[in-house]
Every structure is written in structure tokens, then in C-alpha cells.
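Subject: Handing over the structure

Hello,

Here is the structure I promised to pass on to you. Please open it beside this message, and my notes on what turned up follow below.

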Amino acid sequence: MTEQQPVAVLGGGSFGTAIANLLAENGQRVRQWMRDPEQAEAIRTQRENPRYLKGVKIHPGVEPDNDLAAVLTDCELVFVAVPSSALRTVLEPVAGQLAGKLLISTTKGIEAQTFKLMSQILEEVAPDARIGVISGPNLAKEIADHALTATVVASEDADLCQRVQAALHGRTFRVYASQDRFGVELGGALKNVYAIMSGMAAALGMGENTKSMLITRALAEMTRFAVKLGANPMTFLGLAGVGDLIVTCSSPKSRNYQVGFALGEGLSLEDAVARLGEVAEGVNTLKVLKARAEELQVYMPLVAGLHAILFEGRTLAQVIEALMRGEPKTDVDFIPTTGF
């Protein structure tokens, strides 16, 4: 099945470009909006996005464009791949054009001032739109290189999920559906924080046992927090929870892992982010997550520890030592510890 209209992708970064390419390979005509005219011209003339996906050929069905209003006029199905810090400023000027559109957020982040997820911002900006999210273990370069990949589209709107599945599902990309939009989106946002810590651990040569402990305690921590906010704990056993957490905490292709690795090598946070050259959502998420966890009284020692490293002058070794001295809790919060 192909869409009768073109499909829009908003954002010219690595993930937006990978999704645009995937849609085009599935027979869709794609209108990809990006702010930078030079970037659009490079894709138009060289069929490559040299800044974000160097060496990946852009499908002829992808049409780069700098006119956001024109792109939205032509498209009903819209994939939003704009960084979390820019989402409002990009969409508010065209809010009147978003009524009735199918808006699919692909951004894994949280707005700093409000602690709102991207789909919640979309609801505020476009209350008459139909909203969904995509999340999962989806490294952009691997999608672009046709590595076998799966993702989750989440929405209470079953027809929207089916439309997204039909548009994206292909030879190397599998799309599962979920009704737990909040849980799926929280999983995608929270895991970025733990990828920074995992990158640091790898740079410091910590063992496989340590890495595994960090990942599994991270899963327990992010699930505990999400359930406090109303998410379904079972969502975190799927692609958007443990699946995404594993890949972003273990792959050097993960932006947040790269920032953590640079920190482990001794770079400052500013230099680590500058070396990456892209947005690492986990840095922004960490600040608001720590404050929100304290407000809700959710026990998140890894979040508190990473915040101490990045913003309070502590070292990873000091934080891990403090964690090891902490009182052991239950392994999995949602399994009863009595009645065995």
C-alpha cells in the first residue's frame, strides 16, 4: 500500500533523513522539510546528506524543501523529526495547517521547561490533529544501511497505527503497534540518560558485569518512573523499553553513548557535545528528569549519580562506589516479594 498523497518528514537530521529514505524506498513520494537551504541543495544535487548521513545515497523519491507551509499543504501523514528544543518554534507558526493531519513524533526527548513529551506538545500546538509516536532500537545509520530493524508506533488511534505500518513496513524495517503512547514515548526519552553513563563506563574500561548491571538497573529505574506517571510497566519489556535501552547503551553509533564515551575520556561536557556535532537529547533530559523524580519522590539513583558527575563535579567511580554501598532493593518492582 502507498499513500495517495506525498508523505512529509519534518527535519533534516540523521533520523529524519533515514525515515524519508525508507518511505521513498517503499514507494512513497516524500517531501522532506529542512531549515537549511544549503542542506536541501546538497540533497537535491548530490543525493546525499553530507552533514548527518555521509555516504548514504538519498532515494530519488525524497524531495527536499525549505517551505514548511507548502510541504504541509501537500501532505496528510507527517513524520516529525525535529529536535525537542525546536519543536514548538517550528510548528507554532503553521499550527493552523495541522488540523486533521496525522502527526507522528519520532523525537526522543522531553521539553525542559514543562516536562512535556513531544506528543503532548503536538497536542497543544495542534489540538485537532491525530497524534502518534515512533520509538524503538532505531539507530539512524543502520536504518539507512538496511540493517534489519523493528520499531513501535503507538497511539490510541488504531487507524493511524495501521497507516504508519503500511507506509513504513518494508523488507528490512518491521513496525509493531501499541496503544500505550505515553509508555512508548517515555521509554524513548528516558533511555538516552542511561546511554551517557554506559558510554562513560565503556571508556573507563569497566567490565561486562558492570555494563549489564547498569543497563538492568536503568530499566528498573525508568520503568518505576514511567509507571508513577501512568504508563504500563509491560511496555518496557518491548522494543521501546528494553530493546531501545540495550542498543543505545551498547552501541558506539548512539549519540548519547558517544557523549558519555567522550566524557569518560576526560573531555568536558561542552567539548563532548561539540565533538558529536548533533543534539544528544540525554543531556537535556537528565536535568529535568532529576528534578521531576525528586518532585515525585521516585527512587532514581543512577539519574542522581549521573547528574552529580555532569553538573556537580563527581566522578563515575565515586558514584558507582556510592551505588554499591546503597541498600539493596527488590530486583523487579512489579513482582511481589512474598508468596513464593
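Strands β3 (residues 48–49) and β4 (residues 53–57) run antiparallel to each other, paired over two bridges. Two strands are taken as paired if DSSP finds at least two bridges between them. Helices (H or I, at least four residues) and strands (E, at least two) are DSSP runs, numbered from the N terminus. Three residues separate β3 from β4, and the two strands form a hairpin. Across the pairing, E48 faces K57 of β4.

A word on the source: this is a predicted model, in which local features need pLDDT of at least 70 and side-chain atom pairs count only at pLDDT 80 or more, while totals for chains, interfaces and linings use all residues. Residues are numbered from 1 along each chain as its sequence is written, and side-chain values use heavy atoms, with hydrogens and water left out.

Next, some backbone angles. R47 sits in the loop between α2 (37–46) and β3; this residue is not a glycine, yet its phi is positive, at about 55°. Q297, in the loop between α13 (281–296) and α14 (301–311), is another non-glycine residue with a positive phi, near 60°. Is Q297 buried or exposed? Q297 counts as exposed because its relative accessible area is 73%, where buried means under 20%, exposed over 50% and partly exposed in between (1.4 Å probe, protein chains only).

S178 belongs to strand β10 (residues 173–178). With a relative accessible area of 18%, S178 is buried. Its side chain reaches the backbone nitrogen of D180 at 3.0 Å. Leaving out neighbours within four places in sequence, S178 has contacts (heavy atoms within 4.5 Å) with V152, V153, A154, S155, C161 and V184.

Now to helix α11 (residues 255–264), which is mostly covered, as seven of its 10 residues are buried. Those are N256, Y257, V259, G260, A262, L263 and G264. Which helices do the buried residues of α11 pack against? They pack against α8 (181–203), α10 (239–250), α12 (269–276), α13 and α14. Just after α11 comes G266, with a positive phi of about 110°.

The nonpolar cores are worth a look too. Such a core is a set of buried Ala, Val, Leu, Ile, Met, Phe, Trp, Tyr and Cys residues joined through side-chain atoms within 4.5 Å. The largest has 47 residues, and among these Y194 and F225 touch the most other members. Two or more residues come from each of α8, α9 (208–228), α10, α11, α12, α13, α14 and α15 (316–325). Helix α8 gives the most to this core, with 10 residues. Not counting residues up to four places away in sequence, Y194 touches A218, E221, M222, L245, C249, M300, L302 and V303. Another core, of 33 residues, lies apart from this one, and its members include V7, L22, A24 and I104.

Finally, the cysteines. How many disulfides does the structure hold? The count is zero, with a disulfide taken as a pair of cysteine sulfur atoms within 2.5 Å. For C75, the nearest cysteine sulfur is that of C161, 20 Å away. C75 is buried, at 0% relative accessible area, and C249 also counts as buried, at 5% relative accessibility.

Enjoy exploring!

Best wishes

How values were computed: A polar contact is a pair of N or O atoms within 3.5 Å; within protein, one must be able to donate a hydrogen and the other to accept it, and residues adjacent in sequence count only if both atoms are side-chain atoms.
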